[in-house]
Amino acid sequence: MAAQSRKQQQTRYNILMISSEMVPFAKTGGLADVVGSLPHELARLGHDVRVVIPRYYAIDPGRYSLEVALGSMGVWMGETLEWCMVYSRDMGDGVTVYFIEHNGFFGRDGLYHDAAMNDYLDNPRRFGFLSRAGLQVAVDTGFAPDIVHVHDWQSAAAAAYLKTWFWDNPILGKAASVLTIHNAAYQGIYPKHHFDYLGLGWNTFHADAFETFDHINLLKGGIWFADLVNTVSPGYAREITTPHGGFGLAPYLSNKGNSFYGILNGVDYSDWSPENDRQIPARFSASDLSGKLQCKEALQKHFGLEVNPRVPLFAAIGRFVDQKGYHLLAPAIERALNEMNIQFVILGSGDPWLQDIFGSMPGRYPGRAGSHIGYNVALSHLIEAGADFFVMPSLYEPCGLNQLYSLRYGTLPIVHATGGLDDTVENYNEASGDGTGFKFWHPTVDSLYYTIGWANSTWWDRPGHMARMITTAMSQDYSWDRSTAEYIAAYEKAIANKRAYDSWPR
Ligand code: ADP
């Protein structure tokens, strides 16, 4: 281990990341958080990291101090030469971000769909182009990467371009590729008439690579071509390689052998720590929780709840999509509100029927339930800080970030034991008081309801255990240090895999 970390300190990699999201520029989910953190952590260790993302309409060049890096850049696609412009921003810590300006593809309000949630029909072209353009940035700026790190279906095709178009390119020919899967349910499946445009060659349109039921599958193609594939927790890696897991990808992921595994996401504790969070009304720590009570009071006031420190406050934040299990939460929490002395707040948006149910809850439980339908980062900090319990009934969860934030803020998570939730929350042991949260194994309304009841009875009947669990939860360390070291080890393995691949006789 010591030898390995010495080696990691010595090797300085050129890393090109291509992504469709990155905090603080464009975000719809956890992918943006990871790409917003990992490059900086890598740069801190001395690696040279360049990130390529689209210049969406909402990324205002003036506001973000973008500079023109390439006035025009030609990108060969299968059928045509696309022209674009490239902005850049030096982040000041060894990370440079490039923004691909192509108004036809990215000059839109939404990242992947319009306001009515309709997928943009040209998404395979938009993100095939991003994948190809990201590599072109390396060529045109003379940046020879050791690693091309791509994320999800949106940039997965870059792993294929490397091995098909750029295999003998002086800048890119030696680069190894790593594909990180943040959610295997989203694979980028589109009609095959877009395939000529992508220019990947019909010989890659087969079931092991880009083809799924006669459609293009961008993620599967990336899995085939990448030198190493990872997902964002060991538990989720296991789940998606089980026979019925992975939304059809299990055999293809299993075929990667020990070049597919899970690396848990880290948390940016400079943003998410109660000791120094500037977005909450009072700071607190495990040794002095008085600030948490002030945050609870502020949260109760914000949502018009009865201001009372002695009522347990349950909370949820997230996208209202099937994956997150809010269709279980709605009836379970409603029943709990009817039968228990609790309060509940929720922040999120998505499925209209869930927006209706949660949006109307304050009217049905005045002073006891609050909801905010929308996206609000400051409010998400206040909720994490002020609540007592945080509910995540996700049907599956690749990693999950909110339970990690909750642990840090002493807000005990109540989770379905799946993927990253199972990996990071330790179930309460009623005999000893050990544990960091409350788990249930069957994603049903009843299981969730009874687990909420279990947390509630612990709050009222076993305050000593509550205090102990809060201290244990707050001392958990899910910082990026460990995950970054694992990514560097993954890069080393990918480079070794690429060398072995290059040495095969052809
Ligand atoms: P996913 O990526 O599947 O949405 P994660 O738990 O990995 O789930 O990450 C979700 C991130 O988005 C967290 O940082 C969470 O706080 C944030 N988030 C989700 N919904 C909202 C919302 N309505 N307002 C503010 N932040 C939100």
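Into how many nonpolar, polar and charged residues does the shell around the ligand divide? The shell comprises five nonpolar, nine polar and four charged residues, where Ala, Val, Leu, Ile, Met, Phe, Trp, Tyr, Cys and Pro count as nonpolar, Asp, Glu, Lys and Arg as charged, and the others, Gly among them, as polar. The model is predicted: local features need pLDDT of at least 70 and side-chain atom pairs pLDDT 80 or more, whereas totals for chains, interfaces and linings use all residues. Residues are numbered from 1 along each chain as its sequence is written, and side-chain values use heavy atoms, without hydrogens and water.

Domain 1 (2-266 + 481-503) and domain 2 (290-476) both contribute residues to the shell, so the ligand lies between them; the domain bounds come from an automatic or database domain assignment. Strand S13 (313-320) gives the most, with three residues.

Polar contacts are pairs of N or O atoms within 3.5 Å. A polar side-chain atom of aspartate 33 lies 3.5 Å from an oxygen atom of the ligand, and for a backbone N or O atom of leucine 401 the distance to a ligand oxygen is 3.0 Å. The protein buries 92% of the 560 Å² that the ligand exposes when taken alone, by the Shrake-Rupley method with a 1.4 Å probe.

Aspartate 33 is also one of the buried residues of helix H2, buried meaning under 20% relative accessible area (1.4 Å probe, protein chains only). In H2, 12 of the 15 residues are buried, so this helix is largely enclosed by the rest of the structure.

Technical notes:
Buried < 20%, exposed > 50% of the residue type's maximum accessible area, 1.4 Å probe, protein only. Helix = DSSP H or I, 4+ residues; strand = E, 2+ residues; numbered from the N terminus. Polar contact = N/O pair within 3.5 Å; in protein donor to acceptor, adjacent residues only side chain to side chain.
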